[in-house]
Amino acid sequence: MKAGLSEHQFRKSCHNGFGDGNNAYAHSMAWFNNHLFVGTTRANLCLIRHSMKQVNIDIWPVECPYPVYSPDFEKTQARAEIWRYSPGGEWKRVFQAPMVLGSTGEWMSRDLGYRGMVVFRGPSDDKPALYVSSWSRSRGNGPVILRTDDGETFTQVGEAGLMNLPVTSLRLLVPFKGRLFTAPTGSAKGNPNTSGVTLICESRDPRKGKWHSANEPGFGDPENSTIFEMRGFAGYLYAGTVNNNGFQIWRTRAKGSPPYDWEMVIERGAGRGSLNQIPASMIVFKNALYIGTGIQNGGYDHLNDIGPAGSEVIRLNKDGSWEVIVGEMRSDGMLPTSGLSPGFNCICNGYFWRMGIHEGWLYLGTLDWRVILPYVDPDRLEERFARIMTNANVDEVVKHQAGCEVWRTQDGDNWVPVTVQGFGNPYNYGIRNIVSTPYGVFIGTANPFGSKVATKFFNKKGEGEWIYKDNPLGGLEVWHGSSGRFYKEG
């Protein structure tokens, strides 16, 4: 087995959001037809400023020159994109969200982002096709699913809204037993991660656009607000819920006709309660299901007063037993097998956002919120934040510690860091995708700090004021890691 990749074995494949800092998240990625595809989400921090009033930031980190839904915002900031890369070649934009008429009669971008992407072949597909799920607008008709079989032409399949559900985004596209599964993830009024519609939707032939409910809403528990993550493992489809009392994990063999019989295998956030609000990521590794946890809104859910707290890794075995790999000791004395506390010993790692496997190693990427600290009035820092900043200079913390982290393990228990500062860019505050390919592993970041970022300027009198400056480090990045030779990057 090859040795795991270190930071020096990664090269930047794209930066500054493909030349447009509004391309903030590499929200979806897939290897298809010998190319890497990346679906972006745009201008996230401007959208948060508009819709999520519960986020308490004193100096807004990026310039938002246009009101949301204004013609300038819709044309220049809101149109989600899909990009394609051939190793040794160049990046090419192959799709841009169309402009459509909104419910109030104005022209707007149909899609803000593309949160899911998977290769799947249904009965109506002549060959494997790439399916993409969208994040739509609250004034639109709902999220859509796009399909391409050549990587050039993307066509909507089925009706917007998926079963006429009152939701705004679809995060998941998960193949299992010849079917494609998804779930509504977001809703209007600043709820990108909670839909209020706790259904899993199944299609045997997504090109035809026919979907059916695969579960009882919320599995019968009204505290489950969203189905956030799914994965097939050992003959079962596993699904994780968002729950303010701690996530639940359910599984089904998906036999017979939907809705299927489901059983719960984890409850109350694997014994941690609300601090494991969300199962943010799932992956099968070494004959077990690994679950990365998180708390919405970057690790501190202001609206529900949950957190801040670092994330955990839970390992779920075939028989339904589980153990803590990275995290807190449990009340029964269970210790994390890695010896690492939540967040890889850092409260700032609020999500274990995405995992991927390459050449026998499991890679895990975090979201680290330290880059936000300069924009919050220190006198208003709540005690839970202030205690980690005792005797620390915020600017020094950002300079030497900010940026997301990537860790790897060969056995699931012993972890080593790949990068602990966002590959040298503090504005890379999250890892959004990790995709293994024949040409190496590609890692896509979340970096919403473009195109202009707030910077403190001091005049001759030593008085400080905030100005917005061009930020060449803003916008998503894609990093390419390889144990062999590197192909020329685009």
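The following dialogue explains how terms are applied to one predicted protein model.

Trainee: What should be kept in mind about the model and its numbering?

Mentor: Residues are numbered from 1 along each chain as its sequence is written. The model is predicted, so local features need pLDDT of at least 70 and side-chain atom pairs count only at pLDDT 80 or more, while totals for chains, interfaces and linings use all residues; side-chain values use heavy atoms, with hydrogens and water left out.

Trainee: What makes the protein chain as compact as a globular protein of its length?

Mentor: The chain has 7 helices and 34 strands, where helices (H or I, at least four residues) and strands (E, at least two) are DSSP runs numbered from the N terminus. Its radius of gyration is 21 Å, close to the 23 Å that the globule rule gives for 490 residues, so the chain is as compact as a globular protein of that length. That radius is taken over C-alpha atoms, and the rule is 2.2 Å times the number of residues to the power 0.38. Along the principal axes, the C-alpha trace spans about 75 × 60 × 50 Å.

Trainee: How many of the residues count as buried?

Mentor: Of the 490 residues, 59% count as buried. Buried means under 20% relative accessible area, exposed means over 50%, and partly exposed lies in between (1.4 Å probe, protein chains only).

Trainee: Why is the link of C46 and C64 called a disulfide?

Mentor: A disulfide is a pair of cysteine sulfur atoms within 2.5 Å. The sulfur atoms of C46 and C64 are 2.3 Å apart, and the two residues form a disulfide. A search of the whole structure finds 1 disulfide. With -100 degrees about the S-S bond, the link is left-handed. C46 lies in helix α2 (residues 44-51) and C64 in the loop between α2 and α3 (71-76), so the pair ties together parts that are 18 residues apart in sequence.

Trainee: Are C46 and C64 buried or partly exposed?

Mentor: C46 has a relative accessible area of 6% and is therefore buried. C64, with 23%, is partly exposed.

Trainee: What makes a group of residues a nonpolar core?

Mentor: A nonpolar core is a set of buried Ala, Val, Leu, Ile, Met, Phe, Trp, Tyr and Cys residues joined through side-chain atoms within 4.5 Å. The largest such core here has 33 residues, and those with the most contacts inside it are F73, V371, Y429 and F449. At least two residues come from each of β2 (23-32), α2, β26 (349-358) and β32 (452-458). Helix α2 gives the most, with 3 residues. In soluble globular proteins, nonpolar side chains tend to be buried together.

Trainee: Which residues does V371 touch?

Mentor: Leaving aside residues up to four places away in sequence, V371 touches V398, A402, P426, Y427, Y429 and F449. A contact means heavy atoms within 4.5 Å.

Trainee: Which residues of α2 are buried, and what do they pack against?

Mentor: The buried residues of α2 are N44, L45, C46 and L47. They pack against β2, β3 (35-42), α3, β8 (111-120) and β9 (129-136).

Trainee: Why is strand β19 described as mostly covered?

Mentor: In β19 (residues 236-243), 8 of its 8 residues are buried. Y236, Y238, G240 and V242 are buried on one side, and L237, A239, T241 and N243 on the other. In a regular strand the side chains alternate between the two faces of the sheet.

Trainee: How do you know that β19 pairs with β18 and with β20?

Mentor: Two strands pair if DSSP finds at least two bridges between them. Strand β18 (residues 224-233) is joined to β19 by 8 bridges, and the two run antiparallel. T226 has V242 of β19 as its bridge partner. β19 is joined to β20 (residues 249-252) by 4 bridges, also antiparallel. A239 stands opposite W250 in β20. The β19 and β20 hairpin has 5 residues between the strands, and G246 in the turn has a positive phi of about 115 degrees.
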